[in-house]
Amino acid sequence: MSQEQIQETLTFMKKTWAVFALALLYAAIENEYHFPGQREDPLGEGERLLWIAQRVLFFGLMALGFLIDLVRMREDRSKAYHYLFLSLVVGGLSGPLGTVQHKILAGLLGGP
């Protein structure tokens, strides 16, 4: 594989990672909009499906971050596990961040 193809693949994977991160944040905002509050058991089938979607997106984000790190490590070993760590941070903060964003948007737009 040429260096240009590797860079093209890396760029595509980074863009896909960003889409996964945004989708995870959107799922957290939707969860807060439809089912406000924090609980250990889902209120119904809808909230259970949103929780499953968030888990799938989170693990997809981590897997994609690991693949990006593997490609980046081919160039330079010091770039190891940056995206995997960033995936853990983004995934861990998606719930609280989604809650805060929903409350800000609801306050600004006068929603529930």
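1. The residues lining the largest pocket split into six nonpolar, eight polar and four charged. Bear in mind that this is a predicted model.

2. The pocket itself has a volume of about 490 Å³. Its lining comprises 18 residues. Nearest the centre lie Asn 31, Trp 51, Gln 54, Gly 95 and Pro 96.

3. Which helices each supply at least two residues of that lining? They are α1 (3-34), α2 (45-75) and α3 (82-109).

4. Now the packing of α2 and α3. Their axes come within 7 Å and cross at roughly 160°. Angles over 145 degrees count as roughly antiparallel, so α2 and α3 are roughly antiparallel to each other. The crossing is right-handed.

5. On the α2 side, the contact with α3 is made by Phe 58, Leu 61, Met 62, Gly 65, Phe 66, Ile 68, Asp 69 and Arg 72. On the α3 side, the contact residues are His 82, Tyr 83, Leu 84, Ser 87, Leu 88, Val 90, Gly 91 and Gly 92. By class, this α2–α3 contact holds nine nonpolar, five polar and two charged residues.

6. How do the axes of α1 and α3 cross, and at what angle? They come within 8 Å of each other, with a crossing angle of roughly 35°. This crossing is right-handed. The contact of α1 with α3 has 11 nonpolar, eight polar and three charged residues.

Technical notes
Residues numbered from 1 in each chain as written. Predicted model: local features only at pLDDT ≥ 70, side-chain atom pairs only at ≥ 80, totals over all residues. Heavy atoms only, no water. 1 Å grid on protein atoms, 1.4 Å probe; cavity = no way out; pocket = protein on both sides within 12 Å on 5 of 7 lines; lining within 4 Å. Points joined across faces, edges and corners; volume = space filled by probe spheres on them. Helix = DSSP H or I, 4+ residues; strand = E, 2+ residues; numbered from the N terminus. Nonpolar A, V, L, I, M, F, W, Y, C, P; charged D, E, K, R; others polar. Axes fitted to C-alpha atoms, helices over the stretch in contact; angles between N-to-C directions. Parallel < 35°, antiparallel > 145°, perpendicular 65-115°, else oblique. Left-handed = near helix turned anticlockwise from the far one by under 90°. Contact = heavy atoms within 4.5 Å.
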